[in-house]
Amino acid sequence: MSWISVEDKYPDCYHRVLCHRPDKHTVIGRAIVGTNFCHFKGEDGFQLLEVTHWQPLPEPPKELK
């Protein structure tokens, strides 16, 4: 998967995604999307500032039988 700029597209609202910030930290966040805005909140509930790119989380591994 490749990174998607927040200037090009927003994730679906309330979806958990990987968020990249200019400080080089990549964290899991939840997208809060409105008509003309997108905010990201971290797992701790605090807003993630300066998110520039995002990508969907990978699918979880299939369980071995």
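**Exercise 1. Find how much of the chain is buried.**

Solution. Buried residues make up 22% of the 65 residues in the protein chain. Buried means under 20% relative accessible area, exposed over 50%, and partly exposed in between, with a 1.4 Å probe and protein chains only. The model is predicted: local features need pLDDT of at least 70, side-chain atom pairs count only at pLDDT 80 or more, and totals for chains, interfaces and linings use all residues. Residues are numbered from 1 along each chain as its sequence is written, and side-chain values use heavy atoms, with hydrogens and water left out.

**Exercise 2. List the secondary structure elements in order.**

Solution. Count first: the protein chain has zero helices and six strands. Both are DSSP runs numbered from the N terminus: helices are H or I with at least four residues, strands E with at least two. Next, read from the N terminus: β-β-β-β-β-β.

**Exercise 3. Work out how the strands are arranged, and which stand at the edges.**

Solution. Start with the order. Six strands form an open sheet, S1-S6-S2-S3-S4-S5, and the pairing is antiparallel. Now take the ends. S1 (4–5) and S5 (47–48) are the edge strands, each with a single partner strand, so one side of each has no neighbour in the sheet. Two strands pair if DSSP finds at least two bridges between them. Then look at one pair. S4 (residues 38–42) meets S5 in the antiparallel sense over two bridges. Within this pair, Phe40 has Leu48 of S5 as its bridge partner.

**Exercise 4. Describe the chain as a whole.**

Solution. Take the extent first. The C-alpha atoms fill a box of roughly 45 × 25 × 25 Å along the principal axes. Next come contacts, meaning heavy atoms within 4.5 Å. Among contacts between residues at least 6 apart in sequence, 46% join residues at least 24 apart. Last, the surface. The accessible surface is about 5200 Å², and 54% of this belongs to carbon and sulfur atoms. Such areas come from the Shrake-Rupley method with a 1.4 Å probe; for residues, only the protein chains shown count as cover.
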